Amino acid sequence: MSAQPKTFSELISGDQPVLVDFFATWCGPCKMMQPILEDTARQLGDKVKIIKVDVDRNPYAASSYQVRGVPTLILFQNGKPLWRQSGVVPSNQLIKVIEDNLRQKV
């Protein structure tokens, strides 16, 4: 992976919703989230941007959003957290949460 061109706050402050997966490489449930996130990205296309944040390599981003356990998913839009949940979230539930939040913004 190359260095990120933008800061975390720049990544989440756009108009497009951003789903952030706070994870750790040693975390079993985090590994279970990978195919779920790929499926979600495939189904939603460019409606949402999905980024992964390794809490061990980016402790500041994790602590600034009080991420205590991994995986923790937070949906941001315009820099504001709209939804968050810790633990494995099934793809259909994740898609529903994102689409519900998109509808509220329209």
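Modeller: We begin with the elements: helices (H or I, at least four residues) and strands (E, at least two residues) are DSSP runs, numbered from the N terminus. On that basis, P71 is found in the loop between α3 and β3. The model is predicted, so local features need pLDDT of at least 70 and side-chain atom pairs count only at pLDDT 80 or more, whereas totals for chains, interfaces and linings use all residues. Residues are numbered from 1 along each chain as its sequence is written, and side-chain values use heavy atoms, with hydrogens and water left out.

Colleague: What kind of peptide bond joins V70 and P71?

Modeller: Most peptide bonds are trans, and most residues other than glycine have a negative phi. The bond between V70 and P71 is cis, with omega at about -5°. The loop that holds P71 also contains Q66, a residue other than glycine whose phi is positive, near 50°.

Colleague: Is Q66 buried, partly exposed or exposed?

Modeller: The classes rest on relative accessible area: buried is under 20%, exposed is over 50%, and partly exposed lies in between (1.4 Å probe, protein chains only). With a value of 45%, Q66 is partly exposed.

Colleague: How do β3 and β4 pair?

Modeller: Two strands pair if DSSP finds at least two bridges between them. Here β3 and β4 (residues 80-86) run in the antiparallel sense and share six bridges. T72 stands opposite S86 of β4. Their hairpin has two residues between the strands, and N78 takes a positive phi near 55° in it. N78 lies in the loop between β3 and β4 and counts as partly exposed, at 39% relative accessibility.

Colleague: Which residue has a C-alpha atom separated by 9.6 Å from that of N78?

Modeller: That residue is S9, 69 residues away from N78 along the chain. S9 lies in helix α1 and is partly exposed, with a relative accessible area of 49%. Its side chain also makes a polar contact with the side chain of T7, at 3.3 Å. The term polar contact covers a pair of N or O atoms within 3.5 Å; within protein, one must be able to donate a hydrogen and the other to accept it, and residues adjacent in sequence count only if both atoms are side-chain atoms.

Colleague: How many aromatic pairs are there?

Modeller: Rings of Phe, Tyr and Trp (its six-membered ring) pair if their centres lie within 6.5 Å; planes under 30 degrees apart are stacked, over 60 edge-to-face, and the rest tilted. The count comes to four aromatic pairs. One of them joins F8 and F76 edge-to-face, at 6.0 Å centre to centre and 85° between the planes. Since F8 lies in helix α1 (residues 8-12) and F76 in strand β3 (residues 72-77), this pair ties together parts that are 68 residues apart in sequence. F8 is buried at 17% relative accessible area, and F76 is buried at 0%.

Colleague: Which other partner does F76 have in an edge-to-face pair?

Modeller: Y65 is that partner, at 5.0 Å centre to centre and with 75° between the planes. Y65 lies in the loop between α3 (59-64) and β3, while F76 is in β3, so the pair ties together parts 11 residues apart in sequence. Both Y65 and F76 are buried. Ring pairs link F8, F22, Y65 and F76 into a cluster.

Colleague: Which residues touch the most other members of the largest nonpolar core?

Modeller: A nonpolar core is a set of buried Ala, Val, Leu, Ile, Met, Phe, Trp, Tyr and Cys residues joined through side-chain atoms within 4.5 Å. The largest has 19 residues, and F8, I12, V20, F22, Y65, V67 and F76 touch the most other members. Two or more residues come from each of α1, β1 (18-23), β2 (49-54), α3 and β3; β1 gives the largest share, four residues. A second, separate core of 14 residues includes L19, L44, V89 and L94.

Colleague: Where is N101, and is it buried or exposed?

Modeller: N101 is in helix α4 (residues 91-105) and counts as buried, at 12% relative accessibility. A polar atom of its side chain lies 2.9 Å from the backbone oxygen of V97. Contact means heavy atoms within 4.5 Å; leaving aside neighbours within four places in sequence, N101 is in contact with L75, L82 and W83.
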